[in-house]
Amino acid sequence: MELLAVTEGCHTWVYAVVGTVVLFVMVLWRMRAPVPKGVPLISTFEPFWGTTRDMKATMIDQKLTTPPLYNLAEFYKNGFKAFGWGHFGGRYGVVVVEPEDVKFLLKDNFNNFVKSKEFIDIFHPLFGSGIFNANGEQWKEQRIVASHMFNRRQLRERMSDVFGTHAQEMVQVLTKGTVNIQTIFYHYTFDCINSIAFNREVNSLKGNAKDCAFQAAFDKLQNEIVTRFYVPWWKIHRYFQSSSQERLIQENLKISAEYMDGVVDSYYDENGAVKEQALLGDQTLTGLFLEYARSESKTYSRAFIRDMILNFVVAGRDTTGSALTSCIEYLCKHPEWQEKLIAEAKACFGGSKQEALTFDDIEDKSPIAEAVFLEALRLHPSVPGNEKVALEKTRFPSGVEVEAGAHVSWVPIATNRYKKVWGEDAEEFNPSRWLGDKAANYDDYMYPTFNAGPRLCLGKNMAILEGKIALLTLFAHYRFAAVPGFVCEAGEVACVEALLELGADVALPVTTNNYTAVHVAAAHNQ
């Protein structure tokens, strides 16, 4: 007992000393960090804490009554071109909203802005050295290899069949009554990306326990990792495992890693050599990378293959699953668009709605479904904000100047609602803005939902096709209505309105911890 007391006392002193040193260094750093010039500071900026306390209140505590993260509404509605923000510890930066500034950041001055070391460190357990967490040649090589999978031939010949088949499975899962629609969408997109990218049939829509357990752990892992942005001393917590967030990260990282190691092992034989059947050429992402490695006489580690798979699981599951959830939210609030979508679905299916839709069934025949999908993503982008760091001092077209090392964020949820671009109805759900020739009015910098420039989302066309097939298949069978309050298995009280607020105010990278309950209304069989 005496030894235990001494040990605990030592730990207390270690925490105290380390914490004091870190605090002192951060204060000194903050005193020397340049505040962006000529840019209005976020209104909740505090002289000592910066915006850290506001961000913690919204991101970690999820107190939706606190001022919104970044106070987006206050700034973009009033026409500000950019605004400054800061974190405790000396990290300052700006958020750009104007499309010409977004274009300068993502295209015109692309080489001057990179993923920050902070971003890479924070997300390393999740993304490793995969494409989302890479810069320079490492990023370029992965993009070139992966790009061969996202072509029109693959969309037509392979992907549409996968989407159509799994969409029909989704219809079979749905029954009349109250359902957690986001969970169903995440299972749907998880099954699709595994079939397409890795030639694996995981059947999470059918309730495969192992795959569902991985997804649950994976969601918790993402939710906890993102809180690191607002805890400057998270590395201390990680080392000592002294916070609930870091303990949850380790717990769920272990579950995710064990699952992914099993996936990676399936590509190798008992001697550690790549199995020939894993080399499926351009049929799968894994095959593309392994074939590329063989052709270039190089070897990818198992850790890299695991990172690559996880990056594309996030890209293929979370973003589209969140987008489809947003579609249902808005369609529940605008039943007139449900009726238009139902009519289009009947036309696309023709005589039999039991058969899976194909690329040819919907090509040039589904403008309503595409308009709904794009409009939901305009108001509720799956990745509401992102950031890079400047390598050199630079000046944006709007006149904003940033120093080398400054963090620069672009925020689709703000740019997508900017009245200067979208008009006075910018915050209204209006899919008609995408119909006919109107869509040509908006470029990637006015609508940076899918990123833009050299890092434009490789799977943009795949996501739109997947979303359209899912919507048309569902609305060929059902109507949906929002449930004003619904207690999910995880214990949260969820409703459509809460999800909308959470996505807009909290700005999570993906809405993985939110639940939307909807009522599956009577089927329309006529």
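Below is a short exchange on how terms are applied to this predicted model.

Me: What is the overall make-up of the protein?
Reply: The protein has 20 helices and 12 strands. Of its 526 residues, 54% count as buried. It exposes about 22400 Å², and carbon and sulfur atoms supply 56% of that area.

Me: Why is Cys192 called buried?
Reply: Its relative accessible area is 1%. Buried means under 20%. Cys192 is therefore buried.

Me: Why is Cys212 called partly exposed?
Reply: Cys212 has a relative accessible area of 22%. Partly exposed covers values between the 20% limit for buried and the 50% limit for exposed. So Cys212 counts as partly exposed.

Me: How many disulfides are there, and by what rule?
Reply: The rule asks for a pair of cysteine sulfur atoms within 2.5 Å. The count comes to 0 disulfides.

Me: Where does His380 lie, and what makes it buried?
Reply: His380 lies in the loop between α16 (367-379) and β5 (386-390). Its relative accessibility is 3%. The limit for buried is under 20%, so His380 qualifies. Its C-alpha atom is separated by 8.8 Å from that of Asn416, 36 residues apart along the chain.

Me: Why is β5 described as largely enclosed?
Reply: Of the 5 residues of β5, 4 are buried, so the rest of the structure largely encloses this strand.

Me: What makes Arg294 and Glu291 a salt bridge?
Reply: Their side chains meet at 3.3 Å, N to O. The cut-off is 4 Å, so the pair counts. Both residues lie in helix α12 (residues 285-295), 3 residues apart, about one turn of the helix. Arg294 is partly exposed at 46% relative accessibility, and Glu291 is partly exposed at 28%.

Me: Why does the pair Glu375 and Arg378 count as a salt bridge?
Reply: The N to O distance is 2.9 Å. That is within 4 Å, so the pair counts. Glu375 and Arg378 are 3 residues apart in helix α16, so about one helical turn separates them. Both are buried.

Me: What does the salt bridge between Lys460 and Asp444 tie together?
Reply: The side chains of Lys460 and Asp444 meet at 3.5 Å, N to O. Lys460 lies in helix α19 (residues 460-475), and Asp444 in the loop between α18 (419-422) and α19, so the pair ties together parts that are 16 residues apart in sequence. Lys460 is partly exposed at 21%. Asp444 is partly exposed at 24%.

Me: Which residues do salt bridges join into one network?
Reply: Arg152, Arg156, Asp360 and Glu363 are joined by salt bridges that share partners. The salt-bridge count for the protein comes to 25.

Terms used
Residues are numbered from 1 along each chain as its sequence is written. This is a predicted model: local features need pLDDT of at least 70, side-chain atom pairs count only at pLDDT 80 or more; totals for chains, interfaces and linings use all residues. Side-chain values use heavy atoms; hydrogens and water are left out. Buried means under 20% relative accessible area, exposed over 50%, partly exposed in between (1.4 Å probe, protein chains only). Helices (H or I, at least four residues) and strands (E, at least two) are DSSP runs, numbered from the N terminus. Accessible areas come from the Shrake-Rupley method with a 1.4 Å probe; for residues, only the protein chains shown count as cover.
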